[in-house]
Amino acid sequence: MNWGQTFITDRASNFASNALLRCAVLLALMLAAFLPSAAHAQTTQYTNSTDSAVGGINDGATACSPGNYFVRTFAVGTSYTVSDVNIGVLLAHTWRADLRMWLSSPAGTRIQIVNSNGGSADNFNVLLDSAIGTSVSTHSANDTATAGTVVPGYQRDFAPVSSLNAFNGESSTGAGQWTLEICDDAGGDSGTFYQADLFLSQVPTNYADLSVTKTVSNATPTSGAAIQYVVSLNNAASSPQTATGVVVSDLLPLGLTYTSHTVSAGGGTYTLGTGIWAVPSIAPNQTRTLTINATVSATAGATITNVAEVTASSHSDIDSTVNNGATGEDDYAARSLTVAGTRVAGVPPNLSVICGPNTPIVFDWDGKAWTAGTTNNNYTITGLGLINYALTTDVAFVTGSPAINATNTGGNGAGQQSLFLNMNNSSVFDVSTTVLTLPTAVPGMQFTMFDIDFGAGQWADKVTVTGSFNGATVIPTLTNNTANYVIGNTAIGDGSSSGDQVFGNVVVTFSSPVDTVTIVYGNHTTAPTNPGNQFMNIYDFSYCSPATNLSVTKISQVVSDPVSGTTNPKAIPGAVLQYCILVANAGSATVTSVSATDNIPGNVTYTAASMKSGANCGSAATVEDDDATGADENDPFGASISGTSLVATAATLGPADAYALTFQVTVD
């Protein structure tokens, strides 16, 4: 039956747009606060402050050749087994890269701790500790070192170039001495030694010596291949105690998709979402294993590192500290794989295809004002409206950032401006968050981020981009270059790129309506514990012009008839029918003055005062009178009937909004 046709008109407006991991880490930290850490029952400091004001450290007196080293020794009079060694050194020296240093034990073990590190920077005021996540090889800043400088504490903490853990288990005394050797391997610069402090920790009597190892079945798999990790937890045969309440953290990194896992007998449980392997107990000379099966989801050339570490235990450990992220300790194990194949720069989606016939609206940072250091700014774009940029960070932005500058140009030529974000991260979990709020949704958009790359021993850029539309999540397409790879809506730097090169660029494309964009910038797990300064730039934006996309749907149902009543009624004469006219805006722009007209045919009679309006057919409950006047015409929808012509109106209809009008008729 043809119950009439419905017509719709409108006048468009001018606007035609690692929680689980963090929870796991927080849980481990809370456990660690109540449990012993490393088994450092007693630490003793031994100091040598015989300076070298006369006959200082230079290439003539202390050249890097046998017999010429600058030597300082430490008097250790008590004999015990060593469980940990740290050493601090204070000396003045121009051009620090001239220096090399070694530490030797009474047993004759000799470890190089500094190897020509620091370039043209001056002085050395550093505590060397293998538990620190950042190597002294990355130390490029000037240090303070004078005759009046008081140490400890030392100005910087770094890991030495070779692990001091080689001394663990040795005797504190013996035939030899603890000896610091320093030499100068280049001419033209000299310096003065002021002080060194040797810190020796002794093994306690009550400990469990836990260690973790990890294997991977294939170090060069193809994308889509199945791989297997085996994580082994061991309590050394020499341990005097059974460890209980042991927790090993192994959260699968991005680029791997979990398929299954098994644990050995007595191995406890593994929780996928948190990466927590809880081992109830492990006796001396016992090993527990966890096997994790996964599929490689990363693209060619991506390097993925999977880490396991003891994060809690009932007993102290002879040579490790739980949950400190120290790569040199034996309770920490990591295995990397590199996805086979040669990486090439991806090809981003064509925004012109997404936008259709309309030319994209471009927001160019060139010439825009941004007071350096401010974190909230607005910009008006013709054809779109006012856009807000709001930035927050876990740590302070470096002075002068955020700012609009040409620090990174992404291969677009000198002077190209973009939004510069420079953070001083003290943890791999520190992030900055940039939220872009549009005045109305756009059908699609595209922008580029510069310098998403990797610095060995320094940082591993990680950026996650998410959108929203009317509160619903929208996932963009990220397109990689050769210094990074993409997994879902996350880009991870694993190669080097200068700020003026394209290799670190990542293109972000939204191919469906979006009104808010959130950019979270920080580090991947392949970064050191203390990444330090790192930066990236957010380049120009291109927006598809907002557009409306109106549709109208008409549905009907038989409410009752004179024969059956409301039980399975039929559309016979005298039956009551209910109609619903639903008008929806699937577009990204707000439409105004919407009017839908329905012509009621001659074989039915309209039921007076039966019109109701609402956001959809099921919730249409607001009573509308039959005329075109009064407050009910804008609450927020209106309705009226004149003769056999019924009209439903809405003053505005935003993106993804809809309105409905229901009414009843009687079959003649």
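How many of the 10 residues of strand S38 are buried? Hi everyone, let's start there, and please keep in mind that this is a predicted model. For S38, which covers residues 576-585, the count is 7, so the strand is largely enclosed by the rest of the structure.

Now to the partners of S38. Strand S37, residues 550-560, pairs with S38 in the antiparallel sense, over 10 bridges.

Most residues other than glycine have a negative phi, and most peptide bonds are trans. So here are the exceptions I picked out for today.

Two are cis peptide bonds. From Val151 to Pro152 the bond is cis, with omega near -20°, and Pro152 sits in the loop between strands S8 (124-128) and S9 (156-158). The bond from Ser401 to Pro402 is cis too, with omega near 0°; Pro402 belongs to the loop between S23 (385-393) and S24 (403-405).

Then we have positive phi. Trp95 shows a phi of about 55° without being a glycine, in the loop between S5 (82-93) and S6 (99-104). Its relative accessibility is 42%, so Trp95 counts as partly exposed. Ser116 has a positive phi as well, near 55°, and is placed in the loop between S7 (110-115) and S8. With 26% relative accessibility, Ser116 is also partly exposed. Thanks, everyone!

Conventions
Residues are numbered from 1 along each chain as its sequence is written. This is a predicted model: local features need pLDDT of at least 70, side-chain atom pairs count only at pLDDT 80 or more; totals for chains, interfaces and linings use all residues. Side-chain values use heavy atoms; hydrogens and water are left out. Buried means under 20% relative accessible area, exposed over 50%, partly exposed in between (1.4 Å probe, protein chains only). Helices (H or I, at least four residues) and strands (E, at least two) are DSSP runs, numbered from the N terminus. Two strands pair if DSSP finds at least two bridges between them.
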